[in-house]
Amino acid sequence: MNKKLLIGMICVLALGGFSWFKAQSVADPSWAQATMGTECHITLAGSVPKRDLAALRKKIDTALADVNHCMSTWQADTEISKFNAFQSLEPFPISPAFAEVMQSALAFSAATDGAFDPTVKPLVDHWGFGPAADEESLAEIMEAVGWQKVRLENNTLIKDHPELELDLSAIAKGYGVDCVAEVIRASGHPDFIVEIGGEIVAGGTNPSAKLWRIGIESPEPGRAFGEEIFQTVEISNKAMATSGDYRNFRVRSDGTRYSHIIDPHTGKPAMSDVAAVTVIAARCMDADAVATSLCVMGSEKGFQWLENHPEFQALFILHSNDGNTFTSKATAGFPVSEKQNRIGK
Ligand code: ADP
Ligand code: MG
């Protein structure tokens with residue numbers, strides 16, 4: 001065979017092989033799936049073989065279903081709902097995943113002096129944000145509330161009060177994001193972003209080989225998701241979580257608003273100067289718990305707390321005194337990528 005013809009044939013075969021490989025893989029796959037009453041958004045940077053992607057998605061489905069099965073208070077057959085219905089002071093055996101999240105939840109309760117408290121479930125119901133209606137008075141409800149009234153011992157939970165109930169909504173989404181990130185990394189994909197309801201883990205770099213750039217939305221009630229960006233940040237191999245008073249709230253007859261974040265000390269919705277706070281940490285579960293806690297503490301106490309916990313960076317968006325604008329305040333090292341000066345309500 002003539003040499004030129006041979007080279008030509010090799011080229012054709014190589015090109016054919018390349019096109020075949022391209023057809024069998026997906027560039028920068030990105031998708032959304034329903035979970036935890038919201039959506040999980042995932043993007044992987046790079047080309048992923050279709051078969052690998054299908055296997056990865058199955059593993060992610062399983063991971064999310066496992067988290068839901070442990071920690072959803074909206075379904076009766078989950079571990080947490082069974083524990084909540086168990087009105088006994090005997091030890092209640094729980095799964096290792098549930099125990100891991102409860103251990104963190106109780107550690108954050110202690111570290112935040114009770115600003116974070118996983119026993120707020122009856123209060124969440126009382127104020128109309130939970131799955132059940134609670135007609136008892138606040139004083140009666142408070143008897144069964146308090147993180148020191150539940151103990152974790154050898155993968156069992158023990159109540160000190162038969163009506164104590166748990167709500168892990170302020171930490172479970174972050175935990176879910178960590179679980180999905182772990183599955184993606186273990187499948188050999190270092191460059192990705194996972195988000196569930198605003199809680200995020202960003203691994204490596206984006207499809208343009210740059211840091212992941214994330215918009216923090218302006219905490220104005222009634223805006224669509226991402227409609228108005230307050231600030232953008234750039235992160236890599238970090239977790240980020242946001243809590244605020246602008247998405248999930250109720251309006252009283254006098255027109256004032258109250259949010260779904262409860263101050264466990266008063267039993268009432270938190271009334272701090274924080275409209276929203278975004279926290280960056282190594283783990284999303286931790287960022288999630290701390291963001292909720294800082295909303296309860298308010299910016300002054302929150303900043304003091306952050307000084308003693310340099311493993312967290314935070315950006316506070318605060319209600320200003322005139323009630324019409326926001327101001328912001330960030331810890332040193334918060335990775336702001338672009339400052340936007342104007343922010344009105
Ligand atoms: P989001 O669910 O919007 O991400 P958070 O992470 O701040 O917001 O979680 C708020 C939820 O956590 C509430 O809807 C409630 O179920 C629960 N919760 C409210 N207050 C507290 C608190 N002080 N400590 C722990 N959990 C809380
Ligand atoms: Mg939270």
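Before starting, I reminded myself that two strands count as paired if DSSP finds at least two bridges between them. I also kept in mind that this is a predicted model.

**Entry 1**

I began with strand E8 (residues 192-196), which pairs with E9 in the antiparallel sense over 5 bridges. For one such bridge I looked up Phe192 and found Gly203 in E9 as its partner. The two strands form a hairpin with 2 residues between them, and there Gly197 takes a positive phi near 50 degrees.

**Entry 1: helix H2**

Next I checked the length of H2. Its 22 residues should span 32 Å at 1.5 Å a residue, and the end C-alpha atoms are 32 Å apart, which agrees.

I then listed the buried residues of H2: Leu53, Leu56, Ile60, Ala63, Leu64, Val67, Asn68, Cys70 and Met71. They sit on the same side of H2, because they cover an arc of only 160 degrees around the axis. On the other side of H2, I noted that Arg51 and Lys58 are exposed.

The largest nonpolar core has 49 residues, of which Phe98, Leu168 and Leu294 touch the most other members. Among the elements that give two or more residues to this core are helix H2 (50-71), helix H4 (96-111), helix H7 (169-186) and strand E17 (274-281). Which element gives the largest share? H8 does, with 9 residues.

I followed up on Leu168. Leaving aside its neighbours within four places in sequence, Leu168 is in contact with Met71, Ile80, Phe98, Val101, Met102, Ala105 and Pro118. I also found a second, separate core of 21 residues, which includes Trp31, Ile42, Ala181 and Val194.

**Entry 2: the magnesium ion**

What coordinates the magnesium ion (ligand 2)? I found Ala170 (O), Asp288 (O), Asp288 (OD) and Thr292 (OG1), at 2.0 to 2.5 Å. Along the chain, the donors follow the spacing A-x117-D-x3-T. Asp288 and Thr292 both lie in helix H8, 4 residues apart, which is about one turn of the helix. Are these two buried or exposed? Both Asp288 and Thr292 are buried.

**Entry 3: Pro91**

Last, I looked at Pro91, which lies in the loop between H3 and strand E5 (92-93). Its relative accessibility is 43%, so I noted Pro91 as partly exposed. Which residues does Pro91 touch, leaving aside its neighbours within four places in sequence? Pro91 is in contact with Phe86, Thr156, Leu157 and Ile158. For Leu157 I also noted the spacing: Pro91 and Leu157 are 66 residues apart in sequence but 5.6 Å apart in space, C-alpha to C-alpha.

Technical notes:
Residues numbered from 1 in each chain as written. Chains lettered and ligands numbered in written order. Predicted model: local features only at pLDDT ≥ 70, side-chain atom pairs only at ≥ 80, totals over all residues. Heavy atoms only, no water. Core = buried A, V, L, I, M, F, W, Y, C linked by side-chain atoms within 4.5 Å. Buried < 20%, exposed > 50% of the residue type's maximum accessible area, 1.4 Å probe, protein only. Contact = heavy atoms within 4.5 Å. Donors = N, O, S within 2.8 Å, 3.2 Å for Na, K, Ca; no water. Expected span 1.5 Å × (residues − 1). Arc of directions from axis to C-beta.
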